[in-house]
Amino acid sequence: MKIVLQRSKAASVTVDGAVTGAIDQGYVLLVGITQEDTQEDIAYLARKIANLRLWEDAEGKMNHSILEHGGAILSVSQFTLYGDVKKGNRPSFTGAARPEVAEPLWEALNQALREHGLQVETGIFGAMMDVALINDGPVTILLESK
């Protein structure tokens, strides 16, 4: 599993003109799932995201987690994170999990984050989405479970 985490001041997802998820400060997660991902990957990444120290303390050092600082999650499924462009100019997505595998795993990740005490808003799996965000920092972290 690959996740691009962006610390944000505000973010939203719109599908067909309707907002499906929106947060004020927090993290935007672009979530890519591969065929080999398991519940262990989900548990690892949910724990990591909840406890990452990406928010500044009084001295300006990144010492606070989202749980300590406050904020919410906007989770967006993103199979294109597994786009392979090593050969040719058109990406191959054979590394991405098929929708019937990926969607339940994405939902399980969102639920695991909620179980850590986080508010989680989402896009719509498989939809064409407009994602808007104000990146805070900018702070962008790439997380991988394997």
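**Salt bridges and a ring beside them**

A: Let's start with Arg98 and Glu100, whose side chains meet in a salt bridge at 3.4 Å, N to O. The term means a side-chain nitrogen of Lys or Arg within 4 Å of a carboxyl oxygen of Asp or Glu. Arg98 and Glu100 are both exposed (over 50% relative accessible area; buried is under 20%, partly exposed in between, with a 1.4 Å probe and protein chains only).

A word on the source: this is a predicted model, where local features need pLDDT of at least 70, side-chain atom pairs count only at pLDDT 80 or more, and totals for chains, interfaces and linings use all residues. Residues are numbered from 1 along each chain as its sequence is written, and side-chain values use heavy atoms, leaving out hydrogens and water.

The whole structure holds 3 salt bridges. Arg7, Glu56 and Asp136 are linked in a network of them. Glu56 bridges to Arg7, with the closest N and O atoms 3.1 Å apart. This joins strand β4 to strand β1 (residues 2-15), 49 residues apart; strands are DSSP runs of E, at least two residues, numbered from the N terminus. Glu56 is partly exposed at 35%, while Arg7 is buried at 3%. Asp136 also meets Arg7, at 3.3 Å, N to O. Asp136 lies in strand β8 (residues 130-144) and Arg7 in strand β1, so this pair ties together parts 129 residues apart in sequence.

Arg7 has another neighbour: its charged end sits over the ring of Trp55, 5.0 Å from the centre (the rule asks for NZ of Lys or CZ of Arg within 6 Å of the ring centre and within 35 degrees of the ring normal).

Key
Helix = DSSP H or I, 4+ residues; strand = E, 2+ residues; numbered from the N terminus.
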